[in-house]
Amino acid sequence: MVRKMSDILEIKHTSRVIYARLPDNSKAFIRYRVENGVMKLVETYTPPQHRGKGVAKKLMQYAIELAKKNNWLVEPICSYSIYYFIKYPEHRELLIPEYRKRSDEELKELFRKRLEEERNKDKE
């Protein structure tokens, strides 16, 4: 049986970051903050050599469990967190009302807009 790297990740968190140290000692993370009972997912990062292996998905699953445990709503700000809720609509009940009521198309448009903003920021 072949195990994916995402199956063996040890994920931890602080009050601002959910992270996993990867086999090559690099880190993948979600930066977040909690304001008034809302977990704001600000940035998701996976080192390029580990992308496409399910690492960010595992971090998001951890974030969702953390939000549930603390009775927080979730506001996806970074592009990956928005993408996650498009791909896994069964978790949308955790979203703040403003996002929960959006259609798939509206979420996809928001995802495209955030992705473009992030790419432009990277060029600065």
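Which strands does helix α1 lie across, and at about what angle does α1 run to β3? The views below answer this for a predicted model, in which local features need pLDDT of at least 70, side-chain atom pairs count only at pLDDT 80 or more, and totals for chains, interfaces and linings use all residues. Residues are numbered from 1 along each chain as its sequence is written, and side-chain values use heavy atoms, with hydrogens and water left out.

View 1. Five strands, in the order β1-β2-β3-β4-β5, form an open sheet with mixed pairing. Strands (E, at least two residues) and helices (H or I, at least four) are DSSP runs numbered from the N terminus; two strands pair if DSSP finds at least two bridges between them. β1 (11-13) and β5 (73-76) are at the edges with a single partner strand each, so one side of each has no neighbour in the sheet. On average, neighbouring strands are turned by 25° against each other, direction ignored.

View 2. β1 and β2 (residues 17-21) run antiparallel and are joined by 3 bridges; Ile-11 has Ala-20 of β2 as its bridge partner. Between β2 and β3, also antiparallel, there are 5 bridges, and Tyr-19 has Phe-29 of β3 as its bridge partner. The β2-β3 hairpin has 5 residues between its strands, and Asn-25 in the turn has a positive phi of about 75°.

**View 3. The hairpin of β3 and β4.** These antiparallel strands are joined by 7 bridges, with Glu-35 opposite Val-38 in β4. The hairpin has 2 residues between the strands, and Asn-36 takes a positive phi near 50°.

**View 4. Helices on the sheet.** Helix α1 (residues 55-70) lies across β1, β2, β3 (27-35), β4 (38-45) and β5, and runs at about 25° to β3. Axes are lines fitted to C-alpha atoms, for helices over the stretch in contact, and angles run from 0 to 180 degrees between N-to-C directions. Helix α2 (residues 79-87) packs on the sheet and touches β4 and β5, its direction making about 120° with that of β5; contact means heavy atoms within 4.5 Å.

**View 5. The buried residues of α2.** Ser-79, Ser-81, Ile-82, Tyr-84, Phe-85 and Ile-86 are the buried residues of α2, where buried means under 20% relative accessible area (1.4 Å probe, protein chains only). Their cover includes β4, α1, β5 and α4 (104-123).

How values were computed:
Buried means under 20% relative accessible area, exposed over 50%, partly exposed in between (1.4 Å probe, protein chains only).
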